[in-house]
Amino acid sequence: MTTITQTLEQQVIGSVPVQLYIAGEWQGGANGTLAVEDPATGEALTEIADASPEDATAALDAAVAAAEQWASHPPRERGEILRRAYETIIDRADELALLMTLEMGKPISESRGEVLYAAEFLRWFSEEAVRIDGRYAVSPNGQMRLLTMRQPVGPCLLITPWNFPLAMGTRKIGPAIAAGCTMVVKPAKQTPLSMLALASIFEDVGLPAGVLNLITTNSAGPTMATLIADRRLRKLSFTGSTEIGRELMQQASGTLLRLSMELGGNAPFIVFDDADLNAAVEGAVLAKMRNMGEACTAANRLYAQREIADEFASRLAERLGSMKVGRGTEEGVQVGPMIDGIQRAKVDELVQDAVGRGARALVGGAALDGAGYFYEPTVLADVQASSKLLTEEIFGPVAPVVAFDTEDDAVARANDTEYGLVAYLYTSNLSRGLRMIERLETGMVGLNTGLVSNPAAPFGGVKQSGFGREGGPEGIDEYLATKYVAINPTPGEEKRPG
Ligand code: NAP
């Protein structure tokens, strides 16, 4: 990567279209503009368009108008558009990584990782576009022929969060385009620039007007409610907090909208005394500190078997204590700022609550002074079961370590949460690993790894972490509806089913 200078930062920001993208045109928002901030400095980077509910309806109008034609567009060509977008992202990875770091704060190396991960969803679904099939069967009594086909669900609304500004978009946009759906995309207002850059890439690689429409808004509630109530919308895919997910489900009941919900997590990270401790510590650093802990998959509760709990906690504290905190554009920085002051205050409140109940900070435990929203990487030992951070999503660089005794104890603690996204497990005993995996109430498990995300695998949760899967062969199913056709091969001889 070339040296990051202020001029380069300005060039990258200046290259992003900051308007609404509707029916293939860039246009202003009826509500004026809103600022996007650099969380490392608290200063404004640029202004983006602020859409009204009427703007959002215009975006849905465009998606509806393009729907029929796009549904019948040759799958190979849909796939090739995705492939060209994938290649463009790879070519422009450094610039997109810088853009992401500026708006979201994560270190540049992590942004680069997310850009590649995001692009990979487009490559994966470019390959899936030509594999949408159905089946043909003879009915059990031999009288009928049963044909099934899979068709695009229709216009979709895709709402994404700020923590992975590009990947949370491509995970939805990739399969939607591959399936033949049109869409309105609504990124988080804090990190809209990566998605605006993506929309412009799709425009450049020849995605027909109206297939992808993008709106940014300062009034997500009323603006999204307008679209969700619109009978022409056929699908909502939401990634965000469980709280907003519940609200959207209620709204969606009005039209029985088809839903995918990728919601919050509270991942347990379980280390048995037979585990490779070095590997477990490194896995914990990855599972906890990726994205400064602002990930739905972040290890939220670290359970170590009693015999090794102190050793695990002190080694983890040593690793986290040595991590370089700073603006993500700076050389060697491993931990960037929190997204904003509200998020940082929430993290600190959870830490102070745990300390107030008897936890000890082995390292960190406070916000950093100065500009930006930085928080010290923190490891807490002797965390009491009543501490709020064991039941709430921390979403920050804080690792509470708790000792457990037996497999049953570990399972009971791990499952004692309303969430069920992912669990991490470290053991060298395969039988124990399999027993534990079957008993953990989560949509995903990492066995001896601190990273589960993979575009070729089905990402998603159970319980109040939501439903639906993104990535893998399963990912495209969310955007397809099965139609069954009953065929009578001998029309004159209609019989009762049997
Ligand atoms: P959030 O507050 O729920 O916001 C997510 C998105 O929903 C944003 O685009 C937001 O827009 C929009 N939104 C907010 N209120 C809305 C409303 N009333 N109606 C319609 N849309 C609304 O979540 P966040 O703080 O951005 O993201 C963090 C959460 O996402 C965490 O809980 C994390 O675990 C979860 N997450 C889950 C996954 C997964 O795959 N399971 C992945 C990543 C993140 P504004 O920006 O305008 O508020």
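**Exercise 1. Which of the 31 residues around the ligand come nearest?**

Before starting, note that this is a predicted model, where local features need pLDDT of at least 70, side-chain atom pairs count only at pLDDT 80 or more, and totals for chains, interfaces and linings use all residues. Residues are numbered from 1 along each chain as its sequence is written, and side-chain values use heavy atoms, with hydrogens and water left out.

Step 1. Step 2. Thr160, Lys186, Ser241, Leu263 and Glu393 come nearest. Step 3. Sort the shell by residue class: 16 are nonpolar, 9 polar and 6 charged, with Gly counted as polar and Tyr, Trp, Cys and Pro among the nonpolar ones.

**Exercise 2. Find side chains with an N or O atom close to a ligand oxygen, using polar contacts (N or O pairs within 3.5 Å).**

Step 1. For Ser241, a polar side-chain atom lies 2.6 Å from an oxygen atom of the ligand. Step 2. For Trp162, the distance from a side-chain N or O atom to a ligand oxygen is 3.0 Å. Step 3. For Glu262, the corresponding value is 3.5 Å. Step 4. Turning to cover, the protein hides 89% of the 910 Å² of accessible area that the ligand has on its own (Shrake-Rupley method, 1.4 Å probe).

**Exercise 3. Describe the pair formed by the rings of Tyr117 and Phe121.**

Step 1. The whole structure holds 7 aromatic pairs (ring centres within 6.5 Å; planes under 30 degrees apart are stacked, over 60 edge-to-face, the rest tilted). Step 2. The ring centres of Tyr117 and Phe121 are 5.0 Å apart and their planes stand at 70°, so this pair is edge-to-face.

Terms used: A residue is near a molecule or strand if one of its heavy atoms lies within 4 Å of it. A polar contact is a pair of N or O atoms within 3.5 Å; within protein, one must be able to donate a hydrogen and the other to accept it, and residues adjacent in sequence count only if both atoms are side-chain atoms. Rings of Phe, Tyr and Trp (its six-membered ring) pair if their centres lie within 6.5 Å; planes under 30 degrees apart count as stacked, over 60 as edge-to-face and the rest as tilted.
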